[in-house]
Amino acid sequence: VPSLSFAASRGTYVSGGSSKIVISGIIDIKSNARRALSTSNMTAFLSVDDPTLNLKEALLTPQETLISPFVGNKKLVLNFVLSASSLRSSSVYTFSFQAGGKVSSVQVTINDPPLPGSFEISPSSGTELTTSFQMVAFLWQDTDLPLTYAFAYYTSALELAVLVPRSEVSFANTVLPATTANSTGSLVHVQASIFDSLSANN
């Protein structure tokens, strides 16, 4: 009889993070079962405990795989690739891998980014590379602590440039360069990114 397992016993994935989630099922054919499987096919497939999730549509790989008569290797790894956007945030899913009459399960948790708070910058105007601007992020909430903060601005080429790297400090004081010019001067777009301890960010 084949022995089944998942590559990981648990998984926590970040909502809005990676666009794909890979669940690996491992079929370990014991020596006393290889002879029986050498003359017949075996079907391996993935299922989920949530009836609202259309697994066939969520999967980027086939939900079911027909395994030809087993010859040679003792272990076979099947990767099931899911579109992360198909899974609801703040949800826990139990995926079951089935083959040869055996079942193995893994629990996957979808983590939410921090709940929105506020981001303020003052003064609202100043002189490039001279005025010290204070940026403050506050009232952001999450159960996965500590929260960390990073501050950046968009260059004239619309690329995000780091002002202050990620840390547990929720404020920063820094000068700003000139970027997109308009009739009254230069408009600088500044961004605060807030992360929980699992790196979900908002």
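The model is predicted, and its protein chain holds 2 helices and 16 strands. Of the 202 residues in the protein chain, 35% are buried.

**Chain as a whole**

- When contacts between residues at least 6 apart in sequence are considered, 61% of them join residues that are at least 24 apart.
- The protein chain has an accessible surface of about 11,600 Å², and carbon and sulfur atoms account for 52% of that surface.

**Nonpolar cores**

- The largest nonpolar core comprises 24 residues, and within this core the residues with the most contacts are Ile-27, Leu-53, Leu-55, Leu-82 and Phe-95.
- At least two residues of this core come from each of the strands β3 (20–28), β4 (42–48), β6 (75–83), β7 (92–99) and β8 (102–111), and the helix α2 (55–58) likewise supplies at least two.

- Ser-83 counts as buried because its relative accessible area is 17%, whereas the cut-off for a buried residue is under 20%.
- The side chain of Ser-83 is joined to the side chain of Ser-85 by a polar contact of 2.9 Å.

Conventions. Residues numbered from 1 in each chain as written. Predicted model: local features only at pLDDT ≥ 70, side-chain atom pairs only at ≥ 80, totals over all residues. Heavy atoms only, no water. Core = buried A, V, L, I, M, F, W, Y, C linked by side-chain atoms within 4.5 Å. Buried < 20%, exposed > 50% of the residue type's maximum accessible area, 1.4 Å probe, protein only. Helix = DSSP H or I, 4+ residues; strand = E, 2+ residues; numbered from the N terminus. Polar contact = N/O pair within 3.5 Å; in protein donor to acceptor, adjacent residues only side chain to side chain. Contact = heavy atoms within 4.5 Å. Areas by Shrake-Rupley, 256 points an atom, 1.4 Å probe, with all protein chains shown as cover.
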